[in-house]
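Here is a short briefing for a first look at the structure. The sequence and model come first, then the main points by topic.

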Amino acid sequence: MNKCKGCGVVLQNEDEIQLGFTKNIENNLCERCFRIINYNEYKEVVKDNKEFIKILENINKTKDLVLLVVDLFNINKIENILKYISNDIILVLTKRDLLPKSVKDSKLIEYVNKCSKNVKETLVISSTKNYNFDLLFNLVNKYKLSKNVYVVGYTNSGKSTMINKMIYNYSLNESQITTSLLPNTTVDLIKVNINDDLTLIDTPGILDSGNIINYIDKKNIKKLLPKKEIKPITYQLKKETTLVIEDIVRIDSITDSNITIFISNLFKINRYYKTDKLNNLSFVKLDILKGEDVVINGLCFIKVTTNCTLKIYITKDVEIYKRKSLI
Ligand SMILES: Nc1nc2c(ncn2[C@@H]2O[C@H](COP(=O)(O)OP(=O)(O)O)[C@@H](O)[C@H]2O)c(=O)[nH]1
Ligand SMILES: [Mg+2]
C-alpha cells in the first residue's frame with residue numbers, strides 16, 4: 001500500500017474522482033498534490049472534524065510528545081484542541097515573521113501562559129524565516145518520549161511547512177510535504193523520518209468553521225495570508241465614519257474611536273462618512289474596552305485604545321470575538 005508523500009493519502013489508480021488518484025501507482029505523489037505543487041491548482045477536500053478528533057484520541061493512547069502548532073493570528077482557540085490531548089505538549093507559535101518586529105516574543109509567550117498543565121514549553125518560530133528552529137529541535141529532543149513526535153493543530157496553522165523546514169535543516173531525507181494556502185491540504189498521517197531517533201508525524205488539521213477562509217472566493221483567499229510583516233494601520237474615527245475592506249467587511253464607528261488594524265497588506269481599506277456600502281450584510285455591534293482586540297477570524301484583528309462601539313458587517317458565518325489585546 002503506497003501512500004502519497006505530499007498529503008499522506010493511500011494511492012490508487014482506479015477512480016479519478018476519489019482521493020489518492022494517480023495514473024501510475026509507482027508515483028510518489030497523488031494527482032492532487034502534483035497539481036497543487038506544480039500548477040497551484042487546488043481541488044477541495046471536505047473533511048469532517050470527527051475524523052480529526054479520532055486521530056487525537058489515537059495519539060492520546062501513545063503518550064508520545066505532541067507539537068501543537070498555532071498560527072499567531074489564530075492564537076485564541078487552542079482550548080478546542082487542548083481538551084482532546086493528554087500527552088506532553090510543546091506549544092509552537094508560528095508565523096512570527098508576520099507580526100511587527102517590535103513585539104517581544106516573551107509577550108506572545110506570556111499571552112498563552114498556563115493554558116494547559118500538559119504544556120512543557122512554549123516557543124515562537126517562523127518557518128519562512130527559519131527562526132528558532134535550533135531551539136525547537138533541541139526541545140523536541142529533550143521532551144520526546146519515543147522516536148515518534150506528533151504534529152497537530154488547526155488546518156493552515158503551518159504544520160507541514162514547519163516539518164519541511166525541519167527536514168531541510170536536520171535531515172538527509174529530501175522529500176517534502178505538500179503545503180498550500182487552503183484548508184485540508186494534508187489528508188492523512190504522514191511519517192517523516194528526520195533521523196534514526198526522530199520521526200515527525202504530520203496530521204490533517206482540525207477545521208475552524210468560523211474562519212473566513214471557508215467563506216470567501218479564491219481571489220481574496222490569496223490575499224488573506226500576507227507575504228511579509230504586517231504594517232498595522234491606525235485610524236482615529238469620528239462617529240458615523242465607516243471603514244470598508246474591499247467587498248468583505250464593513251466597520252462602522254458608532255462612537256468616536258481609536259483603532260489599529262492588523263491585516264494582510266494586500267487588502268485595500270477605504271474610509272467613508274455616512275455610507276450605505278455593504279449594509280446588506282449581517283452585523284454584530286460590540287462595545288469594546290481599551291486594552292481589548294476585536295478578532296475577525298482569519299481576516300484581521302483590531303486593537304482598540306479608547307473605549308468605543310463598533311458595528312461590524314460581514315458574511316454571517318464568520319466568527320467575530322473580543323479578547324485581551326495580544327500586542
Ligand atoms: N509567513 C509565514 N507563512 C507561513 C509560515 N508557516 C506556514 N505558512 C503558510 O501558511 C499556509 C499554510 O501552511 P501549511 O504548512 O500548509 O499548514 P498546515 O495545514 O498546518 O499543514 C501556507 O501558505 C504556508 O506558506 C510562516 O512561518 N510564516
Ligand atoms: Mg498540512
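**A buried aspartate and an enclosed helix**

D208 counts as buried because its relative accessibility is 11%, where buried means under 20% relative accessible area (1.4 Å probe, protein chains only). This is a predicted model: local features need pLDDT of at least 70, side-chain atom pairs count only at pLDDT 80 or more, and totals for chains, interfaces and linings use all residues. Residues are numbered from 1 along each chain as its sequence is written, and side-chain values use heavy atoms, without hydrogens and water.

**Around D208**
- D208 lies in the loop between β6 and α7 (218-224); helices (H or I, at least four residues) and strands (E, at least two) are DSSP runs numbered from the N terminus.
- Leaving out residues up to four places away in sequence, D208 touches N74, K77, Y154, N214, N297 and E319; contact means heavy atoms within 4.5 Å.

**Helix α6**
- Helix α6 covers residues 159-170, 12 residues in total.
- Nine of those 12 residues are buried, so α6 is largely enclosed by the rest of the structure.
- Among the buried ones are M162, I163, M166 and Y170.
- The buried residues of α6 pack against elements including β1 (65-71), β4 (148-153) and β5 (190-195).

**Where α5 meets α6**
- The axes of α5 and α6 come within 11 Å and cross at roughly 90 degrees; axes are lines fitted to C-alpha atoms over the stretch in contact, with angles from 0 to 180 degrees between N-to-C directions.
- That makes α5 roughly perpendicular to α6, a term for angles of 65 to 115 degrees.
- F133, D134, L136, F137 and V140 in α5 meet M162, K165, M166, N169 and Y170 in α6.

Terms used:
Chains are lettered from A and ligands numbered from 1 in the order in which they are written. The expected span of a helix is 1.5 Å times one less than its number of residues. Buried means under 20% relative accessible area, exposed over 50%, partly exposed in between (1.4 Å probe, protein chains only). Angles under 35 degrees count as roughly parallel, over 145 as roughly antiparallel, 65 to 115 as roughly perpendicular and the rest as oblique.
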